[in-house]
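Subject: Structure for you to look at

Hello,

I am passing on a structure that you have not worked with before. Please open it first and keep it in view while you read the notes below.

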Amino acid sequence: MAAPVHFLLHVPKCAGTTVERHFETHLGTGFRIAPRWENIARDVIGNRYPGIDVTGLRVVSGHSLSISLKAHFPDTEIRESVLLRDPVGYLLSFYNYRWTRHGEGTGPRPPGFETWYARQRRNPISRFLITRYFEQGVPALYRFSSASRLAWLEERLAGFFFVGSYRRAGEMIGGISRELGIPEDVKNRNVTPKKHLTKEALGAGFIDRILNDNPLDSALYERWADRGWEGAPEAPRPALPRFDQPRYAFGDLMTGLAKRVPI
């Protein structure tokens, strides 16, 4: 059997750039960012990789990495890993990243945080995993309630090689690097070095609002942040909504329309 291949899911704002630059630096052609499939069917059936050459690959990452790439590695063990983040930290980092791009001249000036937040989808990390990696596109995505999204994700994450907080990126990189026989030292590649808005400035009231709006992502992070290399949460899952599929569909429609309107 061929040597294992590592799939490192790059959830936005979860230290993915640090992870990718490390393996790109030390593996060269043994590392690859999964390419985006430029096809209108992508939002329905997920990413596809026609004509991709996977010869010699040991690690694959990127925002467009999905489970369909496994078919290109027959008779090969795929070791999946992912880093997660709490919704408050994720949204603040994402917002500050927009300001970084604006400062570099590569993006428009962001609006105030409250206006920007109103245009963001709820529970974005769990949505990213379900749609991007696990290829549950529209309309299949909307068969899931918050409760069923958590249960569905946890069933799959239990078989992952590593799951943990983005703060454990060094641990994950080090363990995989030892297996691959490459240097373990990690150089931070934070793409948002300056903070336009801090958690303290955001205020307790808005933090509570974010947590109330994103209970699924909060639960996912709290239950998996300390998992590491094996196992699954033993505590019972929290009581999440079981019939909120229409709310997801309506919310995604409204945020999608809002993003088309200039601020």
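Predicted model: local features only at pLDDT ≥ 70, side-chain atom pairs only at ≥ 80, totals over all residues.

The whole chain

The chain contains 11 helices and 5 strands. Its radius of gyration is 19 Å, close to the 18 Å that the globule rule gives for 263 residues, so the chain is as compact as a globular protein of that length. Along the principal axes, the C-alpha atoms fill a box of roughly 50 × 40 × 40 Å.

Of the 263 residues, 50% are buried. When contacts between residues at least 6 apart in sequence are considered, 77% of them join residues at least 24 apart.

The chain exposes about 13300 Å², and carbon and sulfur atoms supply 52% of that area. As for charge, there are 37 positive and 28 negative side chains. The centres of these two sets lie 6 Å apart.

Helix H5

The buried residues are Pro124, Ile125, Ser126, Arg127, Phe128, Leu129, Ile130, Thr131 and Tyr133.

What do these buried residues of H5 pack against? Their neighbours include two strands, S1 (2-9) and S4 (76-84). The helices they pack against are H3 (87-103), H6 (146-157), H10 (215-224) and H11 (245-258).

After H5 comes Glu135, which has a positive phi, near 60 degrees.

Strand S3

Strand S3 (residues 59-62) is covered on both faces. Val59 and Ser61 are buried on one side, and Val60 and Gly62 are buried on the other.

Which strands pair with S3? One of them is S1, which pairs with S3 in the parallel sense over 4 bridges. Within this pairing, Leu8 has Ser61 of S3 as its bridge partner. Another is strand S2 (residues 31-33), also paired with S3 in the parallel sense, over 3 bridges. Here the bridge partner of Arg32 is Val60 in S3.

Regards

Key
Residues numbered from 1 in each chain as written. Heavy atoms only, no water. Rg over C-alpha atoms; globule rule 2.2 N^0.38 Å. Buried < 20%, exposed > 50% of the residue type's maximum accessible area, 1.4 Å probe, protein only. Contact = heavy atoms within 4.5 Å. Areas by Shrake-Rupley, 256 points an atom, 1.4 Å probe, with all protein chains shown as cover. Lys, Arg positive; Asp, Glu negative; His and termini not counted. Charge placed at Lys NZ, Arg CZ, Asp CG, Glu CD. Pairing = 2+ DSSP bridges.
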